[in-house]
Amino acid sequence: MASMMTRRSMSLMKSRSMMIHGSSRLMSTSWWKHVEPAPKDPILGVTEAFLADPSPHKVNVGVGAYRDDNGKPVVLDCVREAERRIAGNLNMEYLPMGGSNKMVDETLKLAYGENSDLIKDKRIAAIQALSGTGACRIFADFQKRFSPDSQIYIPVPTWSNHHNIWRDANVPQRTYHYYHPETKGLDFASLMDDVKNAPNGSFFMLHACAHNPTGVDPTIEQWKEISYQFKVKGHFAFFDMAYQGFASGDPERDAKSIRIFLEDGHLIGCSQSYAKNMGLYGQRVGCLSLVCEDEKQAVAVKSQLQQLARPMYSNPPVHGALIVSTILGDPDLKQLWLKEVKGMADRIIGMRSSLRENIEKLGSPLSWEHITNQIGMFCYSGMTPEQVDRLTQEFHIYMTRNGRISMAGVTSGNVEYLAKAIHEVTKAA
């Protein structure tokens with residue numbers, strides 16, 4: 001009897017084990033069966049194709065990262081010196097949720113002005129963010145949490161990741177006119193119509209300077225009109241400022257759009273990044289700030305920004321923040337940075353002139369003045385996807401299919417070749 005019970009128990013255990021293992025195998029092979037490959041990032045895909053091309057003549061003008069006139073990545077001298085100083089006083093401790101207070105304080109001075117009353121009155125809620133992308137994402141989540149019925153107006157075109165950021169924060173998106181394909185400049189009349197026709201109190205995402213991807217910025221007078229109309233409509237302006245200093249070579253000039261809105265009494269939001277203007281691409285260091293009515297409100301808003309950051313990444317990385325605060329907190333290093341960022345901007349501006357001149361001297365029937373009218377890292381060339389495909393297939397020149405040229409990839413060594421190729425694919429247009 002005992003033997004029969006034992007055999008029965010063993011049989012039940014074996015059967016149960018088979019069911020568990022069978023179920024486990026079923027689950028382990030079906031958990032992610034429905035997951036499809038994500039579409040390739042259009043910008044990063046350009047680099048992959050470029051790297052796979054064995055041609056010695058290949059040119060990459062697709063990726064938005066600065067290169068010197070030899071096409072090499074650059075580490076600024078001010079960054080090297082900051083690194084040297086930091087190495088003698090290493091600190092690997094956690095930063096607070098809001099990041100480095102010193103870095104944030106110096107960053108706010110760049111955006112709002114060295115002697116800003118808003119800073120003195122402690123009316124700005126600000127936290128360190130994971131570069132500009134992280135700042136935009138924290139703001140998008142803040143918008144969703146505290147203005148849940150709102151939507152965001154984004155320009156056409158814009159940096160493609162803007163759409164991803166507000167989409168993943170579940171904020172409905174609308175668009176507003178910005179670029180005029182025929183003039184290859186600003187469609188100001190349509191932009192203003194969209195601002196006027198948007199519901200009162202709408203959220204708008206604005207590029208503070210060096211609009212990505214077009215390189216087309218409003219004039220000072222146009223910014224003043226935009227600010228006035230925002231005041232009339234009660235709109236909220238969120239500025240993404242990824243290129244301060246890198247656009248014109250002057251950080252003060254590149255912040256003029258923000259200063260105009262502040263002079264008009266707007267309570268704005270701002271995303272800042274040190275990827276381009278300090279070359280700190282991989283350090284992911286930036287700042288998110290919101291102007292508030294008073295200090296009490298700023299304290300409350302900052303606490304909520306920190307709460308949003310906590311489940312995302314807990315607290316930001318320390319090293320990039322140390323580099324920025326070391327440079328901006330030392331008068332000599334800051335002057336060196338201002339000199340170097342102007343040098344980067346001047347090289348880009350020089351390459352714009354050279355590319356335009358080289359195309360025009362080939363006898364192009366088209367106007368290329370937009371190359372020098374635009375500003376910042378990118379030139380929105382006006383070339384069609386089919387023309388871009390020809391550039392890649394026939395000349396081994398790589399860029400995104402919307403015709404965006406990263407001027408950082410243009411050098412004195414390849415500008416003539418690039419100009420000839422552009423002329424060849426556009427001369428029959």
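**Cysteines and helix packing**

Tutor: Start with C209, which is buried, with a relative accessible area of 4%. The cut-off for buried is under 20%, so C209 qualifies. Keep in mind that this is a predicted model.

The cut-off is within 2.5 Å. C270 is in no disulfide either: its nearest cysteine sulfur, in C287, lies 7.7 Å away. C270 is also buried, because its relative accessibility is 0%. Searching the whole structure gives 0 disulfides.

Now step back to the whole chain. The protein chain has 429 residues, and 49% of them are buried. It contains 17 helices and 13 strands. Its C-alpha trace spans about 105 × 60 × 55 Å along the principal axes. Take the contacts between residues at least 6 apart in sequence: 75% of these join residues at least 24 apart.

Next, the helices. Two packed helices are described by the angle between their axes and the distance between the axes.

Take α4 (residues 101-112) and α13 (residues 319-328). Their axes come within 8 Å and cross at roughly 55 degrees. The two helices are therefore oblique to each other. Their crossing is left-handed. From α4, the residues in contact are K102, M103, E106, T107 and L110. They meet A321, V324, S325 and L328 of α13. Sorted by class, this contact has 5 nonpolar, 2 polar and 2 charged residues.

Turn to α14 (residues 331-360) and α17 (residues 415-426). Here the axes are 9 Å apart, and the packing angle is about 50 degrees. That angle makes α14 oblique to α17. The crossing of α14 and α17 is right-handed. On the α14 side, S354, L355, N358 and I359 make the contact. On the α17 side, the residues are V415, E416, L418, A419 and I422. By class, the contact of α14 with α17 has 6 nonpolar, 2 polar and 1 charged residues.

The α4 and α13 crossing is left-handed, whereas α14 passes α17 in a right-handed crossing.

How values were computed:
Residues numbered from 1 in each chain as written. Predicted model: local features only at pLDDT ≥ 70, side-chain atom pairs only at ≥ 80, totals over all residues. Heavy atoms only, no water. Axes fitted to C-alpha atoms, helices over the stretch in contact; angles between N-to-C directions. Helix = DSSP H or I, 4+ residues; strand = E, 2+ residues; numbered from the N terminus. Parallel < 35°, antiparallel > 145°, perpendicular 65-115°, else oblique. Left-handed = near helix turned anticlockwise from the far one by under 90°. Contact = heavy atoms within 4.5 Å. Nonpolar A, V, L, I, M, F, W, Y, C, P; charged D, E, K, R; others polar. Buried < 20%, exposed > 50% of the residue type's maximum accessible area, 1.4 Å probe, protein only.
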